[in-house]
Amino acid sequence: MKKFLKVFFKIVFSRTWIILLSLLLQVAILVSSFIWLRNYSTYIFGAMIFLGALAIIYLINKDDLPEFRMAWIIPICIFPVFGIVFFVLVDRNWGSRSLKKEMNKVFEKTRHYLSQDSDSLVVIQSCDDAAGQVAFYLNREGGYPVYWGEEAVYFRLGEDKWQDMLKELKKAEKFIFLEYFIVEPGIMWDSILEILQEKVKEGVEVRFMYDGMCSLLLLPYNYPEKMKKLGIKTKAFAPIMPLLSTHQNNRDHRKILVIDGKIAYTGGVNLADEYINKKERFGHWKDVAVKISGDAVDSFTMMFLRTWDILEKPSDYKRYLHQCAGGKKEGFVIPYGDGPNKKENMAEKVYLDLLNTSTCYVHIMTPYFIVDSTMLMMLKYAAKRGVEVQIILPHIPDKKYAFAIARTYYPSLLEAGVQIYEYTPGFVHAKMFVSDDCKAVVGTVNLDYRSLYHHFECGVYFYRTAVVREAERDFQDTLNQCIKVTPAYYKKIPVLSRIWGHVCNLIAPLM
């Protein structure tokens, strides 16, 4: 009994529960205040109805996605008082406005560190107009250059990336940068941390950054201090605070590892045991990742340093850049980042470009499928003009509401000729597009509103490299482990599940 009480009080009085209870208390006070005001005076309620009408007029005329506008109109109509206040809180974005402002300042001050090699741009433009236009676009809007001839390696599973990471980390001589969305103590993280401690003793500079959401359930709030005692410079990005604020909305969803400025990793693999199938949560965990080397690593180095420097003194960027020469002059890579600090949704534009310019096929793996009307239209249009569009989704989901929403798109996609498959061994966490045996994108960007509009993300665009061939081969092998979705299959989905998916879809942009 004493042991039970000890565990009980430890959970109840943990920082995670204090934060959650604080947030819930604030929501309860807010809702109660609105109910009290509604009952207290018809004049106040009438004024809020009037303000609700103004808010709807504002939304209709706002330059935003129709899905976002509709998602706000519904709560404003149903809960006029609460809906308006909540809308103003999110729309004005006071909580994260300063963060975005600082990020843009850092970006503008450091943009000159990534310069575009004119030869690389001219050659890719001469090889393929569409690929050349993507390169021009990413450099113009994001400041990310195209690199010619950089070596890249494709990993079919998280455990493959993990084993390769361990080997490369042991070779580090100057610095190691890690930036991850999820970090959880276990076999994977402990093995990495052991090497990091050894490297610190050897004089290697180690910087470690993780998303502040981890402090809720996975890592203690004072984890940065614990790491600093080990000699590892550590920062939690946007820590969760016990305060209702849009500060909580924009997460660092990137997965980046840079070693000595010579090697960089990215993809869907976080630092937790389920990603390497050492812990089973939703069946077999299918993920992919890539490793690049050469000058292209500079783009990932800059992504990391720009985020790191938001709240600290600027780093000596020159010290960490241009650590190696170019590669074999075969194929092109464009590492790029994206985030809510910019109005331009580059990650979505890259995906849309692949759909729009493909002539034979577009093959997609994604864990979530919650898309806007433009993405949905382009997927269907590509299929209708004769392009083979195949999408692999999980069969065992990690978020049931997201899975239910994804399935609401099945009928219209199937009708248009899009082929949908579900990975029966478990959960697909890969974020990958492959097109026409010549183009591919591997990164952290899911096909959902969170990734495309709210989170800080990264990816790599590949043109005529070995990664494209390996990604397509992996897609075909994964396809053999999937069940094909048909109209008959969709009809077997429980009616309540389908209804639940359609209801959730009404506010999907806000989830």
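**Entry 1: the largest cavity**

I began with the largest cavity, for which I noted a volume of about 180 Å³. I recorded that the model is predicted. Which residues come closest to the centre of this cavity? Of the 15 residues in its lining, Met103, Phe107, Tyr144, Arg254 and Asn341 are the closest to the centre. I then looked up which elements give two or more residues to this lining, and I found α6 (94–110), α13 (297–308) and β10 (332–338). The most comes from α13, which gives three residues. Sorted by class, the lining of the largest cavity holds six nonpolar, five polar and four charged residues.

**Entry 2: the second largest cavity**

How many cavities of 30 Å³ or more does the whole structure have? The search found two. I noted about 40 Å³ of space for the second largest cavity. I listed its lining as Pro367, Tyr368, Pro394, Pro397, Asp398, Lys399, Ala402, Phe403 and Phe427. By class, seven of these residues are nonpolar, none is polar and two are charged.

**Entry 3: strand β9**

I then looked for the partners of β9. Strand β2 (residues 152–155) runs antiparallel to β9 and is joined to it by four bridges. In this pairing, I found Ala152 opposite Ile292 of β9. Strand β7 (residues 263–267) also pairs with β9 in the antiparallel sense, over five bridges. Here I noted Tyr265 of β7, whose bridge partner in β9 is Lys291.

**Entry 4: Glu168**

Glu168 is part of helix α9, which spans residues 158–170. Is Glu168 buried or exposed? Its relative accessible area is 11%, and a residue under 20% counts as buried, so I recorded Glu168 as buried.

**Entry 5: cysteines**

How many disulfides does the structure have? The count is zero, with a pair of cysteine sulfur atoms needing to be within 2.5 Å to qualify. I looked at Cys360 as one case: the nearest cysteine sulfur belongs to Cys438 and is 8.6 Å away, and Cys360 is in no disulfide. I also looked up Cys214, which has a relative accessible area of 1% and is therefore buried.

**Entry 6: the chain as a whole**

I noted 22 helices and 18 strands. The chain has 511 residues, and 56% of them count as buried. I lastly considered contacts between residues at least 6 apart in sequence, and of these 81% join residues at least 24 apart.

Key:
Residues are numbered from 1 along each chain as its sequence is written. This is a predicted model: local features need pLDDT of at least 70, side-chain atom pairs count only at pLDDT 80 or more; totals for chains, interfaces and linings use all residues. Side-chain values use heavy atoms; hydrogens and water are left out. Buried means under 20% relative accessible area, exposed over 50%, partly exposed in between (1.4 Å probe, protein chains only). On a 1 Å grid over the protein atoms alone, a cavity is a set of points where a 1.4 Å probe fits but cannot get out, and a pocket is an open set with protein on both sides within 12 Å along at least five of seven lines; lining residues have an atom within 4 Å of a point. Grid points are joined across faces, edges and corners, and a volume is the space filled by probe spheres set on the points. Ala, Val, Leu, Ile, Met, Phe, Trp, Tyr, Cys and Pro count as nonpolar, Asp, Glu, Lys and Arg as charged, and the others, Gly among them, as polar. Two strands pair if DSSP finds at least two bridges between them. Contact means heavy atoms within 4.5 Å.
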